[in-house]
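Please read the following account alongside the sequence and the three-dimensional view. It moves from the chain as a whole to its strands, and then to a pair of helices.

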Amino acid sequence: MIRFIHAADIHLDSLMRGLDTKLADIDPSVFRLSTRKALKNLVDWAVWENVDFVTLGGDNYDGDWRDHQTGLYFVQQMARLGEIPVVSITGNHDAQSKITRTLRLPPTFHRLSEESPEIYQVIPGVRIVGQGFKNQSETRNLARGYPELDGGGIKIGLLHTSLAGGKRDGHDDYAPCSLDDLRFKHYQFWGLGHIHKQSWEALQGEVPILFPGNLQGRHIRETGPKGAYLIELDDDGKLISEEFKALDETRWEELLVEIGAFQSIDELWPYCEQRFREMAEQAGGRVLAVRLRIDGVSRIHKEILKMRSGAEDALLAEIQNAANMVTPGLIWVEHVQVSSHSPVQIGPTTQAMRTLCEFIQTKAKADNWLDEFLDMKELKQLRNQASYFREADQAEMMGLLFDKKEIEMILAEIPELLEVRLNTNGYLKSRES
Ligand SMILES: [Mn+2]
């Protein structure tokens with residue numbers, strides 16, 4: 001039996017975007033350092049479990065190191081693994097051509113070739129096959145070049161890929177391949193990287209193919225627990241067990257608050273408190289970044305809008321206040337999105353705006369104009385320019401403007417913005433009374 005941990009997309013020292021944690025009274029460095037802490041948690045787990053080896057599916061780094069500290073931290077953690085070997089490949093973020101600084105790694109750390117698929121015997125009876133990215137934009141099907149291996153023993157494939165199907169979850173289409181490309185190599189396990197959402201592409205009764213997801217969520221599109229998998233294979237390479245362990249230090253979550261049943265806005269705050277309490281319990285003491293969405297048809301909708309119409313966002317403050325009451329210093333309310341409505345008996349202006357609102361939301365979601373927009377060559381040119389940003393987080397923020405879900409969210413907020421501004425000017429009020 002062999003036991004190993006597969007992780008990917010560590011993105012060490014990735015900067016988190018838009019950290020405005022003043023209201024939450026949380027030191028932003030808690031978030032900034034969390035990719036480091038998550039890596040430390042991974043190493044602690046591997047040592048505790050005394051695994052046979054660790055595999056890393058690419059994007060160990062978020063980009064070129066700002067200075068040697070990033071590399072020093074990585075090497076230090078690899079050294080803490082002691083005798084446990086590590087086999088790693090490069091991905092688009094840490095492609096060979098991107099990283100300009102180097103540091104010597106422990107002899108137990110092996111980085112597979114970027115030139116061609118390399119076969120590496122990590123421990124007796126176990127061979128790992130993989131090829132890293134030489135350049136960021138790897139559009140070839142790398143998997144196709146992986147060899148079918150003769151002889152006994154366990155064979156594990158490592159690959160950084162978007163699989164088939166083009167852009168997936170907002171990730172670029174790199175080293176595409178089909179599941180069959182992987183299956184037909186007749187390995188016993190495939191450890192992938194690149195897609196930040198964890199998923200088993202194949203599991204029961206098949207060759208297991210795993211995206212472990214990234215090790216640490218870095219923004220609101222990377223919600224929920226993040227971590228790695230402990231895999232046990234028997235001597236024939238058959239999967240005995242798989243265990244996910246959350247290794248993230250901070251966590252991003254979305255919280256939907258339905259206000260339909262509320263008669264008074266005063267009921268909203270204790271309700272939020274209760275929901276925050278549940279979230280904090282599930283997060284096991286981690287610091288949370290929460291994006292809250294208020295939805296439903298309710299009389300309190302107008303009051304909610306009024307609270308955010310001033311120079312300061314009183315709504316955000318009151319919701320942050322609810323979070324602080326149950327979990328001081330643990331929850332940062334990252335954003336409050338309002339998609340609720342007032343009940344119907346309101347005047348023609350509001351009715352017209354609701355029609356507009358529905359139009360925008362339906363179009364944003366139902367039509368494929370967004371896909372067509374995102375597919376335009378002009379936009380692709382802009383997108384390529386984003387990769388020239390020296391700072392990875394700037395490139396990432398730019399990248400979000402090419403993210404379908406993010407655009408949908410921005411569009412969905414237009415009616416709310418209109419309504420807030422009309423309310424501020426007293427326009428709706430005078431027309432309705
Ligand atoms: Mn990647």
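**The chain and its sheets**

The chain has 14 helices and 15 strands, where helices (H or I, at least four residues) and strands (E, at least two) are DSSP runs, numbered from the N terminus. This is a predicted model, in which local features need pLDDT of at least 70 and side-chain atom pairs count only at pLDDT 80 or more, while totals for chains, interfaces and linings use all residues. Residues are numbered from 1 along each chain as its sequence is written, and side-chain values use heavy atoms, with hydrogens and water left out.

Of the 433 residues in the chain, 50% are buried; buried means under 20% relative accessible area, exposed over 50%, and partly exposed in between, with a 1.4 Å probe and protein chains only. The chain exposes about 20100 Å², and carbon and sulfur atoms supply 52% of that area, as computed by the Shrake-Rupley method with a 1.4 Å probe, where for residues only the protein chains shown count as cover. Among contacts (heavy atoms within 4.5 Å) between residues at least 6 apart in sequence, 71% join residues at least 24 apart.

Six strands form an open sheet in the order 5-6-7-8-10-9, with mixed pairing; two strands are taken to pair if DSSP finds at least two bridges between them. Its edge strands are strand 5 and strand 9 (199–202), each of which pairs on one side only. On average, and with direction ignored, neighbouring strands of this sheet are turned by 25 degrees against each other. For such angles, axes are lines fitted to C-alpha atoms, for helices over the stretch in contact, and angles run from 0 to 180 degrees between N-to-C directions. In general, strands of a sheet pair through backbone hydrogen bonds, either parallel or antiparallel.

With a relative accessibility of 21%, Tyr120 counts as partly exposed. Leaving aside residues up to four places away in sequence, Tyr120 touches Val87, His110, Leu112, Val126, Arg127 and Ile128. The C-alpha atoms of Tyr120 and Lys155 are separated by 9.7 Å, although these residues are 35 residues apart along the chain. In strand 10 (residues 209–211) sits Phe211, which is buried with a relative accessible area of 0%. Its C-alpha atom is separated by 9.5 Å from that of Tyr229, 18 residues apart along the chain.

Strand 1 (residues 2–7) is likewise largely enclosed by the rest of the structure, since six of its six residues are buried. Ile2, Phe4 and His6 lie on one covered face of strand 1 and Arg3, Ile5 and Ala7 on the other. Strand 1 pairs with strand 11 (residues 227–233) in the antiparallel sense over five bridges, and Leu230 in strand 11 is the bridge partner of Ile5. With strand 2 (residues 53–56), strand 1 pairs in the parallel sense over four bridges, where Ala7 has Leu56 as its bridge partner.

**A helix pair**

Helix 5 (residues 268–283) and helix 7 (residues 314–326) pack at an angle of about 50 degrees, with their axes 8 Å apart. That angle makes helix 5 oblique to helix 7, given that angles under 35 degrees count as roughly parallel, over 145 as roughly antiparallel, 65 to 115 as roughly perpendicular and the rest as oblique. The contact is made by Trp269, Cys272, Glu273, Phe276 and Arg277 of helix 5 and by Leu315, Glu318, Ile319, Ala322, Ala323, Met325 and Val326 of helix 7.
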